[in-house]
Amino acid sequence: QEVYQTFNKVYSTGIPNSGSDWEIIRKDGTKRYVEASVLLIKDSKGQPLGFRGIGRDITERKLAEEDRERLFKAIEIAKEAVSIQSPDLITVYANDAMAHLFGYEKGELIGKHVSLLNADATSEATMSQIVAGIEKDGYWEGEVHNKRKDGSELLTYASTTAIKDRGGKIINFISTQHDITARKQAEEKIKESLKEKELLLQ
């Protein structure tokens, strides 16, 4: 139906059609995608003679696009806080869970430097470890002191992975964050309780 409409439009208007994506079924039953351009051929008197078409197989590209779309949909609805940064650490994507974790509205973190989320307790040593880990292994994970939009602090377990192009150049970073504030506070209370018991036993 779509193919017929395209050819009919070109025939009726005489305007070439370029870059249409069509899904086709081959003789063996397999599905492929083609990108086609259609041109109406006319004789010297301007009467239609037929069509000239150029097509190329774009199946791999379409499948890759569909995979990326599924991936982003999965990230968007994930309960895990996920963000993507540019090489200069500017946030270019943050899912709903990320925005919620830090108290921001959807899209509010886009265009902001990652340091916006760092609490004062995040030392230069920690940042140096993160940079060194990524430069060496392409990956870093550990605890980071962060702050929400309202200024309240939280401790997160973060992981950051470098995404590289075929030439090995870093094109993005993808990061995940887990709020471990409550867990760490509980651990500290247990440690304090054990210390008090040790003092009583001395």
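Let's start at Gln 85, a residue that lies in strand S4, which spans residues 81-85. Keep in mind as you look around that this is a predicted model. Is Gln 85 buried or exposed? Its relative accessible area is 5%, and because a residue counts as buried when that value is under 20%, Gln 85 is a buried one.

What does Gln 85 meet in its surroundings? Its side chain makes a polar contact with the side chain of Ser 83, at 2.8 Å. Leaving aside residues up to four places away in sequence, Gln 85 also touches Ile 90, Thr 91 and Val 92, along with Val 114, Asn 172, Phe 173 and Ser 175.

Which elements build the lining? At least two residues each come from S4, helix H4 (124-137), strand S6 (139-147), strand S7 (153-164) and strand S8 (170-179). Helix H4 gives the largest share of the lining, with five residues.

Now let's move to an earlier part of the chain. Here you will find an open sheet of three strands, arranged in the order S1-S2-S3 with antiparallel pairing. Strand S1 (17-25) and strand S3 (48-57) stand at the edges, and each has a single partner strand, so one side of each is left without a neighbour in the sheet. From one strand to the next, the twist averages 35°. If you follow S1 alongside strand S2 (residues 31-42), you will see the two pair in the antiparallel sense over seven bridges. In one example, Glu 23 has Tyr 33 in S2 as its bridge partner.

Two helices pack on this sheet. Helix H1 (residues 2-13) touches S1, S2 and S3, and its direction makes about 155° with that of S1. Helix H2 (residues 59-77) likewise touches S1, S2 and S3, while its direction makes about 125° with that of S2.

Our last stop is Ala 74, which lies in helix H2. How accessible is Ala 74? Its relative accessibility is 41%, so Ala 74 counts as partly exposed. From here you can look across to His 100, which is 26 residues apart from Ala 74 along the chain. The C-alpha atoms of Ala 74 and His 100 are separated by 17 Å.

Definitions and conventions
Residues are numbered from 1 along each chain as its sequence is written. This is a predicted model: local features need pLDDT of at least 70, side-chain atom pairs count only at pLDDT 80 or more; totals for chains, interfaces and linings use all residues. Side-chain values use heavy atoms; hydrogens and water are left out. Two strands pair if DSSP finds at least two bridges between them. Helices (H or I, at least four residues) and strands (E, at least two) are DSSP runs, numbered from the N terminus. Axes are lines fitted to C-alpha atoms, for helices over the stretch in contact, and angles run from 0 to 180 degrees between N-to-C directions. Contact means heavy atoms within 4.5 Å. Buried means under 20% relative accessible area, exposed over 50%, partly exposed in between (1.4 Å probe, protein chains only). A polar contact is a pair of N or O atoms within 3.5 Å; within protein, one must be able to donate a hydrogen and the other to accept it, and residues adjacent in sequence count only if both atoms are side-chain atoms.
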